[in-house]
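Take a look at the protein below.

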Amino acid sequence: MEMMWITTVCPICGEVFEFDVPADGYRAWQEGELIQNAMPNLAPEYREMLMSHICPFCWDAMFSDEEEDNEYEYDDYDETGFNPYIGCYDYDC
Ligand SMILES: [Zn+2]
């Protein structure tokens with residue numbers, strides 16, 4: 001299979017990534033085919049680098065940021081009525 005060498009620069013971290021993709025699939029994608037149909041064997045993170053140029057590391061960083069945001073909700077615990085001095089919920093005591 002003819003392969004095509006791709007170089008992308010991540011817009012977030014500025015890292016350069018190089019990898020090869022099937023040349024016929026790449027051409028089909030350029031001509032308007034959906035990338036998952038044009039290159040079904042290409043890993044999703046590489047498809048993402050072709051489309052948005054964002055590298056897998058920056059994707060991971062973005063997703064882990066979201067998780068941290070979700071965990072950072074201490075106020076919710078207070079609203080449940082948990083009493084740290086007794087070690088139980090108010091409605092349980
Ligand atoms: Zn990056």
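The protein has 5 helices and 4 strands. Helices are DSSP runs of H or I with at least four residues, strands are runs of E with at least two, and both are numbered from the N terminus. Along the sequence, the pattern reads β-β-α-α-α-α-α-β-β.

This is a predicted model: local features need pLDDT of at least 70, side-chain atom pairs count only at pLDDT 80 or more, and totals for chains, interfaces and linings use all residues. Residues are numbered from 1 along each chain as its sequence is written.

Of the 93 residues in the protein, 11% are buried. A residue is buried if 20 or more other C-beta atoms lie within 10 Å of its own, exposed if 12 or fewer, and partly exposed in between, with C-beta atoms placed from the backbone.

**Helix α1**

Helix α1 spans residues 23–30, and its buried residues are Gly 25, Tyr 26 and Trp 29. They sit on the same side of α1, because they cover an arc of only 100° around the axis. That arc is taken from the directions that run from the helix axis to the C-beta atoms. An α-helix has 3.6 residues a turn, so residues three or four places apart point the same way. The cover over the buried residues of α1 includes β1 (3–9), β2 (16–22) and α2 (35–38). Just after α1, Gly 32 has a positive phi of about 115°.

**The core**

The largest nonpolar core holds 9 residues, among them Val 21, Tyr 26, Trp 29 and Met 49. Such a core is a set of buried Ala, Val, Leu, Ile, Met, Phe, Trp, Tyr and Cys residues joined through C-beta atoms within 7 Å.

**Contacts**

Two residues are in contact if their C-beta atoms, placed from the backbone, lie within 7 Å. The table leaves out residues up to four places away in sequence.

| Residue | Touches |
|---|---|
| Met 49 | Thr 8, Phe 17, Ile 54 and Cys 55 |
| Glu 2 | Ala 23 and Asp 24 |

**Two single residues**

Glu 2 lies in the segment before β1. Is Glu 2 buried or exposed? It counts as exposed, because it has 10 C-beta neighbours inside 10 Å. Glu 2 and Val 21 are 19 residues apart in sequence, and their C-alpha atoms are 8.6 Å apart in space.

His 53 is in the loop between α3 and α4 (56–71). With 14 C-beta neighbours inside 10 Å, His 53 counts as partly exposed. Its phi is near 70°, a positive value in a residue other than glycine.
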